[in-house]
Amino acid sequence: MTQNNQNHPISVYERINNDLSHFLEKTIHSNKSVTTNQIYTDVFLENDIWTIDMFQDINQFVASVEKHRISSEAGRNKLKFKSVNSNINSELKYVFYRRLFDDLWTIYGAFHTYSGPLYSVTVFLNEKYPNLNSLLDLDIDAAEKRYFFGLMLRESLLTIKRRIAKIVNIKPYDRQLHF
């Protein structure tokens with residue numbers, strides 16, 4: 001735990017909430033110098049669905065947002081934090097927030113590459129660990145085994161479904177073939 005100004009411990013969630021309540025906007029000037037401006041907003045803290053539009057007016061993301069829009073597929077302009085537990089949503093938001101604002105991920109990476117895994121992990125946690133209060137309480141090794149077993153099972157069922165669809169000459173995503 002870190003300490004606040006009065007020398008009291010700050011909980012993990014106070015830190016997450018504090019960090020998600022502002023961001024540093026970076027401006028690169030023509031002489032290559034960089035200035036930062038701290039912007040206070042609750043948009044990342046309060047919203048469980050982040051859209052690409054939330055980043056369009058932040059200096060360091062303007063060009064990448066436009067590039068993402070040009071190259072983006074439909075439906076890849078949202079990040080959905082849909083855990084049944086608000087603490088887990090906050091933790092997942094914090095990871096995405098830090099990766100973006102620490103320049104470890106691009107807008108394209110967050111919205112295109114990582115939106116699918118975010119959805120899959122959230123569905124998995126909601127189904128298999130509905131009473132989990134924090135990712136910090138998760139036995140990662142056990143969860144990883146359950147997760148990958150579920151992915152293999154799902155892939156096997158999809159393969160079977162596709163083969164049946166081919167045999168009976170219908171589309172694999174037809175409602176008649178739902179398991």
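The following conversation goes through a predicted model of one protein chain and asks what stands behind the words used for it.

Reader: What makes up the secondary structure of the protein chain, and in which order do the elements run from the N terminus on?

Author: The secondary structure comes to 7 helices and 6 strands, and from the N terminus on the elements run β-β-α-β-β-α-β-α-β-α-α-α-α. Of the 179 residues in this predicted chain, 31% count as buried.

Reader: Why is Asp-19 called buried?

Author: Asp-19 has a relative accessible area of 7%, and buried means under 20%, so Asp-19 is called buried.

Reader: What makes Asp-19 and Arg-98 a salt bridge?

Author: A salt bridge needs a side-chain nitrogen of Lys or Arg within 4 Å of a carboxyl oxygen of Asp or Glu; the side chains of Asp-19 and Arg-98 meet at 3.6 Å, N to O, and therefore the pair qualifies. This pair links distant parts of the chain, since Asp-19 is in helix 1 and Arg-98 is in helix 4, 79 residues apart.

Reader: Which residues are linked with Arg-98 in a network of salt bridges?

Author: The network links Arg-15, Asp-19, Arg-98 and Asp-102. Within it, Asp-102 forms a salt bridge with Arg-98, and the closest N and O atoms of that pair are 2.7 Å apart. Asp-102 itself is partly exposed, with a relative accessible area of 37%. The structure holds 5 salt bridges.

Reader: How do you know that Lys-26 and Asp-103 form a salt bridge, and where do they lie?

Author: Their side chains meet at 2.7 Å, N to O, and the cut-off is 4 Å, so the pair counts as a salt bridge. Lys-26 is in strand 3, while Asp-103 is in the loop between helix 4 and helix 5, 77 residues apart. Lys-26 has a relative accessible area of 22% and is partly exposed, whereas Asp-103, at 51%, counts as exposed, because exposed means over 50%.

Reader: Why is Glu-25 said to have no salt bridge?

Author: The nearest side chain of opposite charge to Glu-25 is that of Lys-26, which is 12 Å away, and a salt bridge must be within 4 Å, so Glu-25 is buried yet has no salt bridge.

Reader: Where does Ile-58 lie, and how far is Ile-58 from Glu-25?

Author: Ile-58 has its place in the loop between strand 5 and helix 3. Ile-58 and Glu-25 are 33 residues apart in sequence and 6.2 Å apart in space, C-alpha to C-alpha. Ile-58 has a relative accessible area of 4%, and buried means under 20%, so Ile-58 is called buried. Apart from residues up to four places away in sequence, Ile-58 touches Phe-23, Glu-25, Phe-44 and Phe-101.

Reader: What makes strand 3 and strand 4 a pair?

Author: Two strands pair if at least two bridges are found between them; strand 3 and strand 4 are joined by 7 bridges and run antiparallel, and therefore they pair. Glu-25 lies in strand 3, and the bridge partner of Leu-24 in strand 4 is Gln-38. The hairpin has 5 residues between the strands, and Lys-32 takes a positive phi near 75° there.

Reader: Which residues have the most contacts inside the largest nonpolar core?

Author: The largest nonpolar core has 33 residues, and those with the most contacts inside it are Phe-44, Trp-50, Phe-55 and Phe-101. Helix 4 gives the most to this core, with 7 residues. Among the residues in contact with Phe-55, apart from its neighbours within four places in sequence, are Phe-44, Trp-50, Leu-100 and Phe-101.

Technical notes. Residues are numbered from 1 along each chain as its sequence is written. This is a predicted model: local features need pLDDT of at least 70, side-chain atom pairs count only at pLDDT 80 or more; totals for chains, interfaces and linings use all residues. Side-chain values use heavy atoms; hydrogens and water are left out. Helices (H or I, at least four residues) and strands (E, at least two) are DSSP runs, numbered from the N terminus. Buried means under 20% relative accessible area, exposed over 50%, partly exposed in between (1.4 Å probe, protein chains only). Lys and Arg count as positive and Asp and Glu as negative; His and the chain ends are not counted. A nonpolar core is a set of buried Ala, Val, Leu, Ile, Met, Phe, Trp, Tyr and Cys residues joined through side-chain atoms within 4.5 Å. Contact means heavy atoms within 4.5 Å.
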